[in-house]
Amino acid sequence: MEHQKLTEFPNDFLWGSASAAYQVEGAWQEDGKGESIWDRFVRIPGKTFKGTNGDLAVDHYHRFKEDIALMKEQGLKAYRFSVAWTRIFPNGRGKINQAGLDFYQELIDELIKNDIEPIVTLYHWDLPQALQEEYAGWESRQIIEDFTHYAETLFNAFRGKVHYWVSLNEQNIFTSLGYLLAAHPPGVTNPKRMYQVNHIANLANAAVINKFHELAMPGKIGPSFAYTPNYPINSDPKNILAAENAEDLLAHYWLDVYMWGKYPVAAMNFLEEHGWAPKIEEGDVELLESAKPDFLGINYYQTSTNAFNPFDGVGAGKMNTTGKKGSSEETGVPGMYKKVENPFVERTNWDWEIDPEGLRIALRRITSRYRTPVLITENGLGEYDQLTPEKKIHDDYRITYLSNHVKAIKEAISDGANVLGYCTWSYTDLLSWLNGYQKRYGFVYVDQDETQKGSLNRYKKDSYYWYQQLIKENGTNL
């Protein structure tokens with residue numbers, strides 16, 4: 001669809017940026033914080049790039065005022081961050097750790113003082129290790145009660161200060177990488193366990209959304225989903241069906257539950273055939289259908305192109321976590337789909353497809369299927385950035401990437417999508433989970449090399465100034 005004139009961004013559009021506690025805070029044992037599953041997982045040899053961890057990260061815990069001052073100077077309208085569950089309840093439940101709660105109160109107050117809207121993510125993967133050991137974490141229905149109690153504690157503490165809440169971040173990622181590919185904690189490869197864990201996470205998400213609305217909280221809440229729209233490689237009906245299979249199993253399987261409380265029929269039939277379908281107990285369906293998100297958070301990075309994959313075809317392949325372009329392996333689900341190379345798009349050094357048009361397609365699909373407001377909770381480019389002798393970072397490639405994606409959002413708004421805001425990933429450079437510190441995303445360069453050595457000094461990249469101007473103009477002059 002071509003438009004003679006694009007619709008302008010709303011005046012209250014949330015131009016923001018994002019981070020996650022484990023990736024930026026550091027201070028992993030300070031002020032009463034408990035151990036998370038990531039604190040434990042990174043100590044297993046070979047799990048992360050060069051054994052890097054979040055013990056120090058980029059020291060946001062001690063430098064948050066410095067970082068917020070940079071946000072204020074840039075003109076940022078919103079900052080999305082996650083709360084570390086183990087700072088509030090070191091063992092997952094029990095007595096509140098007041099020092100941990102105070103840290104987030106100070107962070108939120110500092111943001112508000114600088115006219116920056118805080119967007120709080122309740123869960124960004126750092127489950128308390130104590131709950132993992134006590135009852136296997138997300139494998140037990142006990143976590144529904146514990147997660148809801150933790151969330152209610154934050155709701156009551158930050159009522160009236162925080163107006164946007166993300167319940168679960170990328171549930172599709174932490175369940176599949178944790179229980180299917182063994183790339184994230186707890187390092188399991190078991191489809192049956194993965195889909196059961198995912199079902200319990202759905203119930204926890206629904207319970208927290210209902211609790212938010214029961215408390216008549218001022219504001220909005222919704223989950224954040226890592227959406228990768230699926231294409232067929234060509235018009236061969238077998239490949240079109242493969243793309244439909246991928247969209248059903250990798251997208252609708254989460255989104256339909258969030259928005260409608262129902263699992264998609266074809267995907268569930270596939271899981272039942274293989275004996276992988278989750279056990280659905282009495283009351284589960286009613287709980288899932290009762291929870292109504294106020295918006296849908298979308299983390300968008302890439303698209304996926306698909307082809308027919310027979311029963312004896314491609315399974316899970318190796319991910320590229322080193323930044324060596326072309327080192328990822330073909331992946332798929334036999335009998336459903338396989339991911340193949342799209343000849344029409346470029347790729348990053350981590351083999352992620354660069355497809356701004358895919359973001360417009362994602363927003364169109366979500367608008368047509370769910371008729372819900374969308375908050376883009378993550379979008380960004382992870383690349384190698386170089387600090388010049390003059391302490392400059394010329395990241396024109398990031399400016400091009402972000403600019404093209406912002407234009408795609410503007411086009412989607414013109415198509416009819418209701419987009420509340422845009423949070424880039426990330427604000428400062430940070431620990432990129434399995435990829436260590438060499439994969440940089442931020443507007444602000446942090447002086448720390450891939451072995452975690454450096455001054456941690458902050459330097460503004462060229463993209464910092466580009467986004468500053470974009471915000472000032474409210475996206476008018478792309």
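Helix α8 (residues 171–179) packs against helix α9 (residues 191–214) at an angle of about 150 degrees, and their axes are 9 Å apart. Angles over 145 degrees count as roughly antiparallel, so α8 is roughly antiparallel to α9. The crossing in which α8 passes α9 is right-handed. On the α8 side, the contact is made by Q171, F174, T175, S176 and Y179. On the α9 side, M194, V197, N198, A201 and N202 take part. Sorted by class, this contact of α8 with α9 has 5 nonpolar residues, 5 polar residues and no charged residues. The structure described here is a predicted model.

Helix α13 contributes P356, E357, L359, R360, L363 and R364 to the contact. Helix α14 contributes N404, H405, A408, I409, E411, A412 and D415. By class, the contact of α13 with α14 has 6 nonpolar, 2 polar and 5 charged residues.

An unreviewed UniProt entry places the feature "active site" at E378. This residue, E378, is found in strand β13, which covers residues 374–378. The relative accessible area of E378 is 4%. Buried means under 20% relative accessible area, so E378 is buried. Apart from its neighbours within four places in sequence, E378 is in contact with R80, H124, N169, E170, I298, N299, Y300, Y301, C423 and W425.

With a relative accessible area of 3%, N205 is buried. Leaving out neighbours within four places in sequence, the contacts of N205 are S167, L168, P223 and Y258.

V257 is found in helix α10, which spans residues 237–260. At a relative accessible area of 4%, V257 is buried. Not counting residues up to four places away in sequence, V257 touches N202, H252, K262, Y263 and L288. One of these residues, N202, is also among the α9 residues that make the contact with α8. From C-alpha to C-alpha, V257 and L127 are 22 Å apart in space, and they are 130 residues apart in sequence.

Q98 is found in helix α5 (residues 98–113). The relative accessibility of Q98 is 44%, and Q98 therefore counts as partly exposed. Q98 and L181 are separated by 83 residues in sequence and by 37 Å in space, C-alpha to C-alpha.

The table gathers the accessibility values of the residues discussed.

| Residue | Relative accessible area | Class |
|---|---|---|
| E378 | 4% | buried |
| N205 | 3% | buried |
| V257 | 4% | buried |
| Q98 | 44% | partly exposed |

Methods:
Residues are numbered from 1 along each chain as its sequence is written. This is a predicted model: local features need pLDDT of at least 70, side-chain atom pairs count only at pLDDT 80 or more; totals for chains, interfaces and linings use all residues. Side-chain values use heavy atoms; hydrogens and water are left out. Axes are lines fitted to C-alpha atoms, for helices over the stretch in contact, and angles run from 0 to 180 degrees between N-to-C directions. Helices (H or I, at least four residues) and strands (E, at least two) are DSSP runs, numbered from the N terminus. Angles under 35 degrees count as roughly parallel, over 145 as roughly antiparallel, 65 to 115 as roughly perpendicular and the rest as oblique. A crossing is left-handed if the near helix is turned anticlockwise from the far one by less than a right angle, and right-handed if clockwise. Contact means heavy atoms within 4.5 Å. Ala, Val, Leu, Ile, Met, Phe, Trp, Tyr, Cys and Pro count as nonpolar, Asp, Glu, Lys and Arg as charged, and the others, Gly among them, as polar. UniProt positions are given in the numbering used here, feature names are shortened, and annotations may be inferred rather than shown by experiment. Buried means under 20% relative accessible area, exposed over 50%, partly exposed in between (1.4 Å probe, protein chains only).
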